[in-house]
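User: I am new to this structure and would like to go through it step by step. Please start with any term I will need.

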Amino acid sequence: MNSLDFSKAKVSRVLINLERRGIITKKKYGLTNCISIANELKDNAGMKDKGAEGE
């Protein structure tokens, strides 16, 4: 956050917007959130989890 000079409120609004658009997913992780790219975008970009495929 600090390297981009965004306030915590700005980061929160941006993340909420990205989640609504289906670009990211947010999962509770203790008192914080774990942010990741939406699975649909990962599939389209060829970023599937290699461990799940059973090489």
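Analyst: Helices and strands are runs assigned by DSSP, helices with at least four residues and strands with at least two, and they are numbered from the N terminus. The model discussed here is predicted.

User: Which pattern does the protein chain follow along the sequence?

Analyst: The secondary structure of the protein chain comes to three helices and two strands. Read along the sequence, these elements give the pattern α-β-β-α-α.

User: Which element of the protein chain has the highest mean pLDDT?

Analyst: The protein chain has a mean pLDDT of 83, and 82% of its residues reach 70 or more. Among its elements, helix α3 (residues 50–53) has the lowest mean pLDDT, 51. The highest mean, 94, belongs to α1.

User: How far apart are the end C-alpha atoms of helix α1 (residues 8–20)?

Analyst: Helix α1 has 13 residues, so at 1.5 Å a residue it should span 18 Å. The distance between its end C-alpha atoms agrees with that: 18 Å.

User: Where is D5, and is D5 buried or exposed?

Analyst: D5 is placed in the segment before α1. Its phi is near 60 degrees, a positive value in a residue other than glycine. Most residues other than glycine have a negative phi. Exposed means over 50% relative accessible area, and D5 has 70%, so D5 is exposed.

User: Which residue just after α1 takes a positive phi?

Analyst: The phi in question is about 80 degrees. The residue that takes this value just after α1 is G22.

User: Which residue forms a salt bridge with E19?

Analyst: The count of salt bridges comes to one. E19 counts as partly exposed because its relative accessibility is 32%. The closest N and O atoms of the pair are 4.0 Å apart, and the partner is K26.

User: Which residues form a nonpolar patch on the surface?

Analyst: One member, L41, lies in helix α2 (residues 39–45). At 35% relative accessibility, L41 counts as partly exposed. The patch has about 250 Å² of accessible area together, and its residues are I37, L41 and M47.

How values were computed: Residues are numbered from 1 along each chain as its sequence is written. This is a predicted model: local features need pLDDT of at least 70, side-chain atom pairs count only at pLDDT 80 or more; totals for chains, interfaces and linings use all residues. Side-chain values use heavy atoms; hydrogens and water are left out. The expected span of a helix is 1.5 Å times one less than its number of residues. pLDDT is the predictor's confidence in each residue, from 0 to 100. A salt bridge is a side-chain nitrogen of Lys or Arg within 4 Å of a carboxyl oxygen of Asp or Glu. Buried means under 20% relative accessible area, exposed over 50%, partly exposed in between (1.4 Å probe, protein chains only). Patches are made of residues with over 30% relative accessible area and no salt bridge: like charges are joined within 9 Å, nonpolar side chains (Val, Leu, Ile, Met, Phe, Trp, Tyr) within 5 Å. Accessible areas come from the Shrake-Rupley method with a 1.4 Å probe; for residues, only the protein chains shown count as cover.
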